[in-house]
Amino acid sequence: MLFHSLALPLQNKYKRNVVLQQTKDLIQQSVERTKPNKQRIVLPEATEERTLKAADRVLADDIADIILIGNPEEIKNLAKGWDLHNIDKATIIDPLNNEKS
C-alpha cells in the first residue's frame with residue numbers, strides 16, 4: 001500500500017508534464033504557422049503589464065507587428081522596469097501628440 005500511495009503523485013506529476021509538453025508543442029506549431037502570414041496587432045492598453053509582456057513575447061518570436069497606443073516615454077520606462085527587451089521593435093503611437101488624431 002505504501003508503494004501505491006507513493007506512485008500516485010508520481011503518475012500525476014508525469015501526466016502534468018506530458019500535458020504541459022503537449023501544450024508547448026501546440027503553441028510552437030501555432031507560432032510557426034503564423035510566421036509566414038505575419039499580421040499587425042494594435043494594443044490600446046499599452047501601459048498594462050500583461051499587455052506589454054505579451055507584446056514583448058510576440059515581438060521576440062517575430063509573430064506579428066505590434067502597434068502600441070500610449071505615451072512612448074511611459075511605455076519604454078515600464079518595459080525597462082519589467083525587463084522587456086523587444087518593445088523597441090513596436091510602433092508606439094501617442095494619441096495625445098499625433099497629427100492624425
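This is a predicted model: local features need pLDDT of at least 70, side-chain atom pairs count only at pLDDT 80 or more; totals for chains, interfaces and linings use all residues.
Glu49 forms a salt bridge with Lys53, with the closest N and O atoms 2.7 Å apart. Lys53 is also partly exposed, because its relative accessible area is 38%.

The side chain of Arg57 meets that of Asp61 in a salt bridge of 2.8 Å, N to O. Asp61 has a relative accessible area of 21% and is partly exposed. Arg57 is also 8.7 Å from Leu84, C-alpha to C-alpha, although the two are 27 residues apart in sequence.

The structure holds four salt bridges. One of them pairs the side chains of Asp62 and Lys38, at 2.6 Å from N to O. Asp62 lies in the loop between α2 and β2, and Lys38 in the loop between α1 (2-34) and β1 (39-43), so this pair ties together parts that are 24 residues apart in sequence.

Asp62 is partly exposed, at 41% relative accessibility, and Lys38 is partly exposed, at 35%.

## The nonpolar core

The largest nonpolar core has 15 residues. Those with the most contacts inside this core are Leu52, Ala55, Ile66, Leu68, Ile75 and Ile87. Two or more residues come from each of α2 (49-60), β2 (64-69) and α3 (72-81). Helix α2 gives the most, with four residues. In soluble globular proteins, nonpolar side chains tend to be buried together.

Leu68 illustrates the contacts. Leaving aside neighbours within four places in sequence, Leu68 touches residues including Leu52, Ala55, Ile75 and Ile87. Its other contacts include Leu43, Ala46, Ala90, Thr91, Ile92 and Ile93.

## Asp94, buried without a salt bridge

Asp94 is in the segment after β3 (91-93). Asp94 is buried but has no salt bridge. The nearest side chain of opposite charge, that of Lys76, is 10 Å away, whereas a salt bridge requires the atoms to be within 4 Å.

What does the side chain of Asp94 contact at 3.1 Å? A polar contact of that length joins it to the side chain of Asn97. A polar atom of the Asp94 side chain also lies 3.1 Å from the backbone nitrogen of Leu96. Not counting residues up to four places away in sequence, Asp94 touches Gly70, Asn71 and Pro72.

How values were computed
Residues are numbered from 1 along each chain as its sequence is written. Side-chain values use heavy atoms; hydrogens and water are left out. Buried means under 20% relative accessible area, exposed over 50%, partly exposed in between (1.4 Å probe, protein chains only). Lys and Arg count as positive and Asp and Glu as negative; His and the chain ends are not counted. A polar contact is a pair of N or O atoms within 3.5 Å; within protein, one must be able to donate a hydrogen and the other to accept it, and residues adjacent in sequence count only if both atoms are side-chain atoms. Contact means heavy atoms within 4.5 Å. A nonpolar core is a set of buried Ala, Val, Leu, Ile, Met, Phe, Trp, Tyr and Cys residues joined through side-chain atoms within 4.5 Å.
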